[in-house]
Amino acid sequence: MSDHVAQGSPNAKGSQHVLEVAGLSAWYGEAKVLSDVDLRVEPGEVVTLVGRNGAGKTTLLRSVMGLHRHVEGTVSWGGSDLGRSSPDKRARAGLGWVPDDRGIYATLTVAENLTLPPVTSKADAWSLEQVYEQFPVLHERRDFPGTKLSGGEQQMLAIARVLRMGSRLLLLDEPSEGLAPVIVQRIGEIIRQIKAQGVSVLLVEQNVTFASTVADRHYLLAQGRVVESLDNDSFQSRTTELLEYLGM
Amino acid sequence: MQRKKTLALMATAVSGSLVLAACGGGGGPASSGGKISDGKVVLGLLNDQSGVYKDLSGPNSKVAIEMAVADYKAKYGDKAVAKDIEVVQADHQNKPDIANTKAQEMYDRDKADIILDVPTSSAALAVATQAKAKKKLFIDIGAGTTALTGAQCNKYTFHWAYDTYMLASGNGAATVESGGKNWSIVYPDYAFGQDMTKSYSAAVERAGGKVQQKIATPFPNDNYATFITKAAASKPDVIGIMAAGGDLVNFIKQFNQSGVASTTKLAVGLMFITDVHSLGVDQFKGTTFTDAWYWNFDAQNRAWADKFMAKTKVRPSFAHAGNYSAAMNYLEAVQAAGTDKSDDVVKQLEGKKINDMFLRNGEVRAADHNVVHDVYQVKVKSKDQVKEEWDLEQVVKTIPANEAYAPASPDCKM
Amino acid sequence: MTAFIQYTLQGLALGGFYALAALGLAVIFGVLGVVNFSHGACYMLGAVGAAVLLDATGLGFWAALPIVTVAMFVFGVLMERLLVRWLLRLDPLYNFLLTFGITLFLVDLVKRRYGVSSLAYELPAGLKGRVDIGSVSLSSYQIFVAAFSVVLCLAVWVLLTRTRIGMIVRAATEDAERSRALGINVGRWVTPVFGFGIALAGLAGVLRAPTGSVNADMGSFFIIILFAVVVIGGLGSILGAVVAGFLVGLVEAYGQGYAGSFSQVLIFVLMAVVILVRPSGLFGREEAAS
């Protein structure tokens, strides 16, 4: 385990919640896509889920968010079982959803995209000024329809949106996908910055190199099962082997 | 996915609703018996019991037929040939395929000796085909098509109250004579509307008038504003509207709201007193149309209408009176023939001259089985002329039977 | 040329009415994902409600506008709470069938109680006149309905674009699941939005009563036209419903002017062309690649 708790920033005033997934299985109709998954994200920890396409990474994130409901097992957050609670309750409890398609509303402006979700924790929430300071481009284009932004800008917007809510755990689904290296680098910086504020991140990532630059720990997912759990050091030392394993 | 699916769903719903299906069926063997087949005479009422024509005929026509049965029994008492008489009814929903099936059921299962009413021309023609195949009687009251006594006539089918020719020759000619020379006709583009337009155009031209425009509209249709503008463009004296039911109401309301109403007369092809009653006379200011019968025309009509109203709480339309008259004259023919055997009853009816509550100077023409009689050009009363609830029509002119109806069609071969 | 201007004005007047009626359908589809087949029946209930109100209490058109609209809102809320809600998680087909069943039920109920003939309803006294500009002429009522529809569509537009409620409804319309995952209790908005949509259908019915037949069957063809309007505009697109409403009104008026009995067919030709060229409708969003 890392010493993340000590890295708290002035912004990190909220409760120090742990995400714990135990014995989670999930189905699409008859097909079982997750089997008995256990995982844990400590406060301020960045954890990645690595695996091939179809390994069940996105389903896992969706199950944690309560979007995928055909599941068994438990997801608990801050010590309490989320049970069958709805996605909006989970979001208001501090889970921040950043989907792989970024989920930017075309019918809302950039500013509306930012202010749409309710502020769930005043202590943790970024103010609009903070967001615009960190992401000047969002300020410049605040009155544009959300989807008129570039892919990288949309990714920034999606992350900024949940930070403005005051989410304590970000569920990031492939944030680097399809983006230019310089932007991927910028996203890495943001992740390190929010980690420094004590916010946890559960990151789905296929870009192993990128994952190793931001994460504390990694779970390897294959055919719906966690096949290995590694800390970042052993992850980095085994990069070649892992890439081969992932078929990349 | 969901949206695409929904889109497909809606597109299907839209196209599905635009397709109207109709199909026919076959005939069956005839049956015959002794003096009175199966020991009783069965009269079958087949009409619209739930849709647009329910009020103008519908279940209340059963009341009218039962009145005829009661009158027949009272008249002949112990001497009645038909001692046991039953009236059955069914809903054909104005669909020819359903009418066809129901007619078969009535003739075969209910042992009906005669079917009465059957509004909607396509449904009436389907029942006529059944009547011919089963050699059982059919007297149509509710439908307007001249084909029943034309190309598709048969020995067992009679047409009692009205047809499109008579509707046109009554009001069409009379309107021209009273100065309405130039016409625009607006009609729904289906069999009835086309038929009416042909009849009206011919009637107007026979009387020396001119039809400048014939404007086809979709059927059904809600909005007539632009059609009315178009119809008025040729500055006609009269606009003739051949729509019926809800479409007629749409047209009338929108005609009144258009500026055209102040300069142009309105002639309605087919209208029932129930239409005027439900909308109120104000909507129809001075509109003229042909009526086959009006309850408040004379004391005889009124006496019958009083009896009808005591049972139904409404005044009768011409369809109600026509059903009574047809049922009564059928039973009289059974009485005269001494049997309900179809061929014998037909023989009694053919050529019969009738003057009853419904028919004035009436004749069951042997050549085509068209029952011709005097008809009336009527005008909707203005509000101050109305003295009681159903007092809605003023008879402008009585049109003698021989002027009102076309001569027997050469197309009809019994 | 005069004729063309006349047809255009008549088309716009008709279009305003279509836009208003389609708006409710679009909002309901957007937020709930329900294709409300009963929209035509609710439109009929609005018109019949106005006629019954007049007959029973003597309250005329101006009173019917608010009274019937509010009553239909309540009716919509009950319909959503008691019936529609339970099928929302299933395939949309189920709610389509449910609302189809509700349609049959309502139509037969009205037939049973009020018969099949049209009920009497007349123009309000203040709107019986006509406005003539040169040889172009419209009835005051046509102008009123068009202006009323435009004002109402604008009001809805302001509500949707300038308020937080509107922002939430737009977001839920675009993607209800995503909005839930961002902490918005979409379920709380579902009932009032459904009631609002039904109220708009009822309001359209009241507006129709003075100028058309008022009977149980009046909505049965109307709903088909409305489906065409929302398909042309783009499913769930509010702006699309309004623009397509006017477009369909114009097409119908020009059709009546120049194509006679094909005037309605043209609407469906337009729909087919739109589906072929832009399957998601004029203002619909393209399908996500997933």
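How many residues does the contact take from chain B and from chain C? It takes 44 residues from chain B and 47 residues from chain C, where two residues are in contact if their C-beta atoms, placed from the backbone, lie within 7 Å. The structure is a predicted model, in which local features need pLDDT of at least 70 and side-chain atom pairs count only at pLDDT 80 or more, while totals for chains, interfaces and linings use all residues. Residues are numbered from 1 along each chain as its sequence is written, and chains are lettered from A and ligands numbered from 1 in the order in which they are written.

Two pairs of chains are in contact, and chains B and C share the most contacts. On the side of chain B that touches chain C, the elements giving two or more residues are helix 1 (2-18), strand 7 (210-217), helix 7 (225-233), helix 8 (245-257) and helix 9 (273-279) of chain B. Helices (H or I, at least four residues) and strands (E, at least two) are DSSP runs, numbered from the N terminus. Helix 1 of chain B gives the most to this side, with twelve residues. Chain A and chain B, by contrast, are joined by no contact, and their closest C-alpha atoms lie 16 Å apart.

Chain A holds an open sheet of six strands in the order 6-7-8-3-9-10, with mixed pairing. Two strands pair if DSSP finds at least two bridges between them. Strands of a sheet pair through backbone hydrogen bonds, either parallel or antiparallel. The edges are strand 6 (95-98) and strand 10 (225-231) of chain A, each of which pairs on one side only. Direction ignored, neighbouring strands of this sheet are turned by 20° against each other on average; axes are lines fitted to C-alpha atoms, for helices over the stretch in contact, and angles run from 0 to 180 degrees between N-to-C directions. Strand 6 of chain A runs parallel to strand 7 (residues 169-173) of chain A and is joined to it by four bridges. A:Trp97 has A:Leu171 in strand 7 of chain A as its bridge partner.

Strand 3 of chain A pairs in the parallel sense with strand 8 of chain A over four bridges, and A:Leu49 stands opposite A:Val204 in strand 8. Five bridges join strand 3 of chain A to strand 9 of chain A, again in parallel, with A:Val50 opposite A:Leu220 in strand 9. Six of the six residues of strand 3 of chain A are buried. A residue is buried if 20 or more other C-beta atoms lie within 10 Å of its own, exposed if 12 or fewer, and partly exposed in between, with C-beta atoms placed from the backbone. Helix 7 (residues 181-196) of chain A lies across strand 3, strand 7 and strand 8 of chain A, and runs at about 150° to strand 8.

A second open sheet of chain A has four strands in the order 2-1-4-5, with antiparallel pairing. Its edge strands are strand 2 (31-41) and strand 5 (80-81) of chain A, each pairing on one side only. Strand 4 (residues 71-77) of chain A pairs with strand 5 of chain A over two bridges, and A:Trp77 has A:Ser80 in strand 5 as its bridge partner.

Helix 6 (residues 151-165) of chain A has 15 residues and reaches 22 Å from its first C-alpha to its last, close to the 21 Å expected at 1.5 Å a residue; the expected span is 1.5 Å times one less than the number of residues. Because 14 of its 15 residues are buried, helix 6 of chain A is largely enclosed by the rest of the structure. A:Gly166, with a positive phi near 90°, follows helix 6 of chain A.

Positive phi values also occur in residues other than glycine. One of these is A:Arg102, with phi near 70°, in the loop between strand 6 and helix 3 (110-115) of chain A. A:Arg102 counts as buried, with 23 C-beta neighbours inside 10 Å. B:Lys235, with phi near 50°, is exposed, having 10 other C-beta atoms within 10 Å.
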